[in-house]
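Here is a friendly tour of one protein model, written to be read with the structure open beside it. Please load the coordinates and follow along.

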Amino acid sequence: MDATGTILSSIPLFRHLLEEEIESLRRIGRVAAIPAGRQFDIKKVNSLNVVLRGAFEIESMGNTDVVYLAPGSFFGAVPFTETRQAGKVRALVDSTVMMFGTEEMYRFFLMSYKCLRGYLKILPRTGFRVSEIGRDYFGGDTRIVTVYGPSPLSGKTYLASLLGGALRKSGKTLLLDLSYTGESLFNHFEMKIAAPISHRPEDGPALEKMISERIESVDESLDCLNVAHGSKVRVNPDIVSPLLFVLSRVYRHIVIDCGDADPDLRNRVFGLSDRIFTVVRSRKDPRLAFECFDGQLKEGQRVYYVLNERFAGAVPEFEGGMVLGDHGDPAPGGARERVLRCADTEEVARLASLVTAPRSALVLETGLLSSLCFGGLLPVLGESGRRFDCYYGSAYGFIVLALYLRSGDNREFRRLLGRFFMEDRMEKLLDVTFPTEHVYRNNLALKLAGEIFGDSRAETFRDLPMAMLGHGGGGGRRIFSTGYLRDLAAASFCLYPVFEEIDIHGESCHSGYPASRVRVEDMLRIDVDTIVYAAVENRTPLRRRGDAMAGFFSRYLDFLESVPRGEDAAELADERLVMELSEREFRFEGFLDRSREIAGKLVGKGQRRERP
């Protein structure tokens, strides 16, 4: 990423954007040179202006304060807000700004639904008042649920119908048919299948008009829209995000029925989903979806596996997933009655509650050895009754949280932590290779992670562990919410470039540290309601005792820990838990004991942010 991209991604309004979204954003911006002394009325500025070079001052009307704007600052019209600055803005030196027009920004968000959701969540957290149209599109309130089946005739359309029937009780719900063949959602409600929307109109109003004309109502709280079923042409995947942009104004839940017939369309749907219910016919069927999920899910999507008893027979339990009972065939002409009746059962209500229940996330600050302090915090949070729907970390912090979720009790947790972090154990993970591209092999880290985690998959845990990993030789980053924990943990240990990377579905992955770190903004793109950020503040440089670890690796860790953190990663969190220590030496047992003591005093006294 060049200097302009770096500046754009550092602005609080845009810090949640993916790298490709930053590139799309800069393409719609217009660079303008502003000579020194140029002055204009800020209320008359109809664009959002980002300072790329130079400096400006703003003199507010009726206020003697002067605000100075350096590169990375912005002024002008902030999209979807009612907040407008007043006064005069003047260039102090020859300067350069990037200007974003209101209409261009609207079209930009039209093409990136999750980008819009994060942006609208960030606005009030940074002091802006969301406009009426912004409140209409408040993406944080709409949840996107996809029902998918890796094998044909799995019952995915039936489950989508059941979820629609159940979710309509907690908010207006839309069923979106994106399957080309097989049963249609319309069949389950005994309705005539509407014509598909198989292409994308050129402008927004035309799309909105087409949508309103094609929607069919089941009842006052549940509607159906056909996008692909019966279409003679492939649906343009680019239609999905604008559809969600428009539909999110009206619907609290959008349930998408999607199959494998069109991989490009399926992958776009997956990318925009919050939850994916995967319907399988047997206990072994989830494996059919592993490769697809591990390759395509990159933003913390939550996957559930649902075993359909209609094909599997009676199943007392399904490890790592849930069971959908066999409801039998509908009576002649009674498909609608069966769906609505079964949608009222406790079984389906449990599935629907996974969508409707408030969702919380614990974000663990990215770090190395200091992350062992989370080994004291996590058990204390659990003992206090505070659990989270997802835990998000990277580097050594992810290893700690993965071991915590894998452990049966605190004693086992402490033992497993020791296998990774005790001084003599870490040294044994350093398998030196001839220093060509790397210094250490990854095989011992993979072996240890395999012994601890086996074939456990992240998505099968009740409380979801999510890993931010780096990939490639640059600063690329990706969030994994599916995959084998052994691979995610081993990659989190492998510090680039001294360690070999870990191959995950054809991608070379590593810890990402220190170039890439977890961000609260990452959680604002997904359907999380409350975000708690946990951090470690050690007031003194941390040293390891003696020569317990290889000298080169020890000095390398010292160097990495000295790299500045940059912007305040917890700025947009709802609550902060900061563990303050004054430890000079890294001592495994002492670190755990001290962190548990501090956590006991801290939990319940987190710094909760005041909502604007």
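## Ground rules

This is a predicted model, in which local features need pLDDT of at least 70 and side-chain atom pairs count only at pLDDT 80 or more, while totals for chains, interfaces and linings use all residues. Residues are numbered from 1 along each chain as its sequence is written, and side-chain values use heavy atoms, with hydrogens and water left out.

Helices (H or I, at least four residues) and strands (E, at least two) are DSSP runs, numbered from the N terminus. Two strands are said to pair if DSSP finds at least two bridges between them.

## The sheet β1-β8-β3-β6

Let's begin with an open sheet of four strands, in the order β1-β8-β3-β6 and with antiparallel pairing. Its edges are β1 (30–34) and β6 (74–76); each has a single partner strand, so one side of each is left without a neighbour in the sheet. From one strand to the next, the twist averages 30°. Angles here run from 0 to 180 degrees between N-to-C directions, and axes are lines fitted to C-alpha atoms, for helices over the stretch in contact.

Within this sheet, β3 (residues 47–53) and β8 (residues 95–101) are joined in the antiparallel sense by six bridges. If you want a landmark, look for asparagine 49, which stands opposite methionine 99 in β8. Helix α1 (residues 3–10) lies across β3 and β8, and runs at about 125° to β3.

## The sheet β2-β7-β4-β5

Another open sheet has four strands in the order β2-β7-β4-β5, and here too the pairing is antiparallel. At its edges stand β2 (39–41) and β5 (66–69), each with a single partner strand, so one side of each lacks a neighbour in the sheet. Ignoring direction, neighbouring strands of this sheet are turned by 20° against each other on average.

Strands β4 (residues 56–59) and β7 (residues 88–91) pair in the antiparallel sense over four bridges. Glutamate 57 stands opposite arginine 90 in β7.

How many of the residues of β14 (residues 275–280) are buried? Six of its six residues are, where buried means under 20% relative accessible area, exposed over 50% and partly exposed in between (1.4 Å probe, protein chains only). Both faces are covered, with Arg275, Phe277 and Val279 on one side and Ile276, Thr278 and Val280 on the other.

Strand β14 runs parallel to β9 (residues 143–148), with four bridges joining the two; valine 145 stands opposite arginine 275 in β14. Six bridges also join β14 to β15 (residues 302–308), again in parallel, and isoleucine 276 has valine 303 as its bridge partner in β15. Together, β14, helix α11 (residues 287–296) and β15 make a right-handed β-α-β unit. A crossover is right-handed if, with the strands pointing away from the viewer, the path from the first strand over the helix to the second runs clockwise.

## Two helix pairs

Helices α3 (residues 102–110) and α9 (residues 240–247) pack at an angle of about 105°, with their axes 8 Å apart. That makes α3 roughly perpendicular to α9, since angles of 65 to 115 degrees count as roughly perpendicular, under 35 as roughly parallel, over 145 as roughly antiparallel and the rest as oblique. Tyr106, Phe109 and Leu110 of α3 meet Ser241, Pro242 and Phe245 of α9, contact being heavy atoms within 4.5 Å. These contact residues divide into five nonpolar, one polar and no charged. Ala, Val, Leu, Ile, Met, Phe, Trp, Tyr, Cys and Pro count as nonpolar, Asp, Glu, Lys and Arg as charged, and the others, Gly among them, as polar.

Helices α6 (residues 156–167) and α14 (residues 346–356) pack at about 70°, with axes 9 Å apart; they are therefore roughly perpendicular to each other. The contact is made by Leu159, Leu162, Leu163, Ala166 and Leu167 of α6 and Val348, Leu351, Ala352, Val355 and Thr356 of α14. Nine of these contact residues are nonpolar, one is polar and none is charged.

Serine 131 is found in the loop between α4 (113–125) and α5 (132–136). Serine 131 is buried, with a relative accessible area of 10%. Leaving aside neighbours within four places in sequence, serine 131 is in contact with Phe80, Thr81 and Glu82.

Aspartate 136 lies in helix α5 and is partly exposed, with a relative accessible area of 32%. Beyond its neighbours within four places in sequence, aspartate 136 is in contact with Ser248 and Arg249. Aspartate 136 and valine 89 are 47 residues apart in sequence and 32 Å apart in space, C-alpha to C-alpha.
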